[in-house]
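Hi everyone, thanks for coming. Today I would like to walk you through one protein model, step by step, so please have the picture open as I talk.

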Amino acid sequence: MRMIFVNLPVKDLPATRRFFGALGFAFNEAYSDETAACMVVDDNIFVMHLTEAKFAQFVTGKVGDPESATQVLTCLSAASRQEVDDIKAKALAAGGREWKPNMEFGPMYGCSFQDPNGNVWEFMHMDQSGG
């Protein structure tokens with residue numbers, strides 16, 4: 001079994017925890033401290049929100065600034081179009097920012113927003129009913 005850990009630098013770890021907690025995500029406290037918050041996406045998928053100083057320990061060169069350049073698009077699946085709309089509403093209410101208008105590509109419907117650190121998140125529903 002493989003596990004996925006997406007590592008992202010954050011400017012304000014407490015604000016990041018509050019933001020993603022408001023979206024309904026839990027954190028694994030065994031892998032969290034004052035420099036890191038391990039957000040549980042699914043049984044084997046985690047996002048490590050790391051303070052910029054902690055993130056810098058794992059990279060060569062400078063830590064990128066998502067406010068000046070998009071570094072990654074983190075896209076998570078959604079169970080329905082309604083969940084896409086609901087998660088975007090929660091994100092904006094919790095301090096996230098609009099990034100792009102909602103998108104529709106054939107059977108896919110999604111949204112995107114920036115978290116308080118400027119990282120871009122997408123939620124996408126992929127209708128597999130064939131209709």
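**Strands, rings and a pocket**

Let's begin with a pair of strands. Strand S6, residues 97-105, and strand S7, residues 108-114, run antiparallel and are joined by six bridges. Before going on, please keep in mind that this is a predicted model. Within this pair, Glu104 stands opposite Tyr109 in S7. Two residues lie between S6 and S7, and the two strands form a hairpin. In that turn you will find Gly106, with a positive phi of about 55 degrees.

Tyr109 has another neighbour to point out. Arg81 lies over the face of Tyr109, 3.9 Å from the ring centre.

Now let's turn to the open sheet. In what order do its four strands come? The order is S1-S4-S3-S2, and the pairing is mixed. Strand S1 (4-10) and strand S2 (26-27) are the edge strands, each pairing on one side only.

Let's look at S4 and its partners. Strand S3 (residues 36-42) and strand S4 (residues 45-51) run antiparallel, with six bridges joining them, and Ala37 stands opposite His49 in S4. S3 and S4 also form a hairpin, with two residues between them. S1 and S4, on the other hand, run parallel and are joined by seven bridges; here Ile4 has Ile45 in S4 as its bridge partner. Is S4 enclosed or open to the outside? Six of the seven residues of S4 are buried, so this strand is largely enclosed by the rest of the structure.

There is also an annotation to mention. The unreviewed UniProt entry marks residues 2-41 as "domain: Glyoxalase/Bleomycin resistance-like N-terminal". Over that stretch, the chain is 25% helix and 38% strand, and the C-alpha atoms at its ends are 14 Å apart.

Next, the aromatic rings. The model has six aromatic pairs. Take Phe5 and Phe46: their ring centres are 5.0 Å apart and their planes meet at 15 degrees, so the pair is stacked. Phe5 lies in strand S1 and Phe46 in strand S4, so this pair ties together parts that are 41 residues apart in sequence. Elsewhere, Phe19, Phe20, Phe25, Phe113, Trp121 and Phe123 form one aromatic cluster.

Finally, let's visit a pocket. Rolling a probe the size of a water molecule over the atoms shows where empty space is left. The largest pocket here has a volume of about 170 Å³. Which residues line the largest pocket? They are Phe25, Val41, Asp42, Ile45, Leu76, Ser77, Glu83, Ile87 and Phe123.

Let me end with Glu83, one of the lining residues. Glu83 sits in helix H3, and at 33% relative accessibility it counts as partly exposed. How far is Glu83 from Gly106? The two are 23 residues apart in sequence, and from C-alpha to C-alpha they are 18 Å apart in space.

Conventions:
Residues numbered from 1 in each chain as written. Predicted model: local features only at pLDDT ≥ 70, side-chain atom pairs only at ≥ 80, totals over all residues. Heavy atoms only, no water. UniProt positions renumbered as here; feature names shortened; annotations may be inferred. Pairing = 2+ DSSP bridges. Phe/Tyr/Trp six-rings, centres within 6.5 Å; stacked < 30°, edge-to-face > 60°. Lys NZ or Arg CZ within 6 Å of the ring centre and 35° of its normal. 1 Å grid on protein atoms, 1.4 Å probe; cavity = no way out; pocket = protein on both sides within 12 Å on 5 of 7 lines; lining within 4 Å. Points joined across faces, edges and corners; volume = space filled by probe spheres on them. Buried < 20%, exposed > 50% of the residue type's maximum accessible area, 1.4 Å probe, protein only.
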